[in-house]
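Dear colleague,

Please find below the sequence and structure that I would like to hand over to you. My findings follow directly after them.

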Amino acid sequence: IDNVTIIDEISTDKVGVGNTVKISYVDDEEDVDQYKIVGSQEADPFESKISNESPIAKALMGHKVGDVVSVESPNGSYEVKVIEIK
C-alpha cells in the first residue's frame with residue numbers, strides 16, 4: 001500500500017495502465033485480441049487482464065492507435081497493430 005497510485009482519469013491517447021487495448025497481429029490481421037493492462041497483482045489472463053510487466057504490455061505502453069509494435073516474447077518476436085484504446 002505504500003506504493004499505491006490511484007488512477008482517476010484514464011487517457012485514451014496512448015496505451016497505459018488501466019487502458020483496454022484492441023490489437024491485431026500483423027501476420028494475420030483477422031486475429032484480433034483485446035487486453036486490459038493492469039498492475040501485476042491484478043493480472044488474470046483468463047479475464048484478458050495482463051500485467052503491465054508482461055512482454056506485450058511493455059511493448060504497447062506509450063503507443064497510439066495505428067502504431068505497429070514489435071513484441072519480444074520468450075517464443076520469439078512478432079508484430080501487432082494497435083486498433084483501439086479505451
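A residue counts as exposed when its relative accessible area is over 50%, as buried when that value is under 20%, and as partly exposed in between. Please bear in mind throughout that this is a predicted model.

By this definition Glu47 is exposed, because its relative accessibility is 52%. Glu47 forms a salt bridge with Lys49, and their closest N and O atoms are 3.9 Å apart. Lys49 itself has a relative accessibility of 29% and therefore counts as partly exposed.

Strand S2, which covers residues 28-38, is joined to S3 by 3 bridges, and the two run parallel.

The sheet as a whole is open and is formed by 5 strands in the order S3-S2-S1-S5-S4, with mixed pairing. Strand S3 (49-51) and strand S4 (68-73) are the edge strands, each pairing on one side only. From one strand to the next, the twist averages 45 degrees.

Two side-chain contacts between strands S1 and S5 deserve a description of their own.

The first topic is the aromatic rings. A pair of aromatic rings is described by the distance of the centres and the angle of the planes. The structure holds 1 aromatic pair. Its members are Tyr25 and Tyr78, at 6.0 Å centre to centre and with 40 degrees between the planes, which makes the pair tilted. Tyr25 belongs to strand S1 (residues 20-25) and Tyr78 to strand S5 (residues 76-85), so the pair ties together parts that lie 53 residues apart in sequence. With a relative accessible area of 14%, Tyr25 is buried, whereas Tyr78 is partly exposed at 27% relative accessibility.

The second topic is charge. Side chains of opposite charge can pair when their charged atoms come close. The structure holds 2 salt bridges, and one of them, between Glu47 and Lys49, has been described above. In the other, the side chains of Glu84 and Lys22 meet at 3.7 Å, N to O. Because Glu84 lies in strand S5 and Lys22 in strand S1, this pair ties together parts that are 62 residues apart in sequence. Glu84 is partly exposed, at 29% relative accessibility; Lys22 is likewise partly exposed, with a relative accessible area of 27%.

With kind regards

Methods. Residues are numbered from 1 along each chain as its sequence is written. This is a predicted model: local features need pLDDT of at least 70, side-chain atom pairs count only at pLDDT 80 or more; totals for chains, interfaces and linings use all residues. Side-chain values use heavy atoms; hydrogens and water are left out. Two strands pair if DSSP finds at least two bridges between them. Helices (H or I, at least four residues) and strands (E, at least two) are DSSP runs, numbered from the N terminus. Axes are lines fitted to C-alpha atoms, for helices over the stretch in contact, and angles run from 0 to 180 degrees between N-to-C directions. Rings of Phe, Tyr and Trp (its six-membered ring) pair if their centres lie within 6.5 Å; planes under 30 degrees apart count as stacked, over 60 as edge-to-face and the rest as tilted. Buried means under 20% relative accessible area, exposed over 50%, partly exposed in between (1.4 Å probe, protein chains only). A salt bridge is a side-chain nitrogen of Lys or Arg within 4 Å of a carboxyl oxygen of Asp or Glu.
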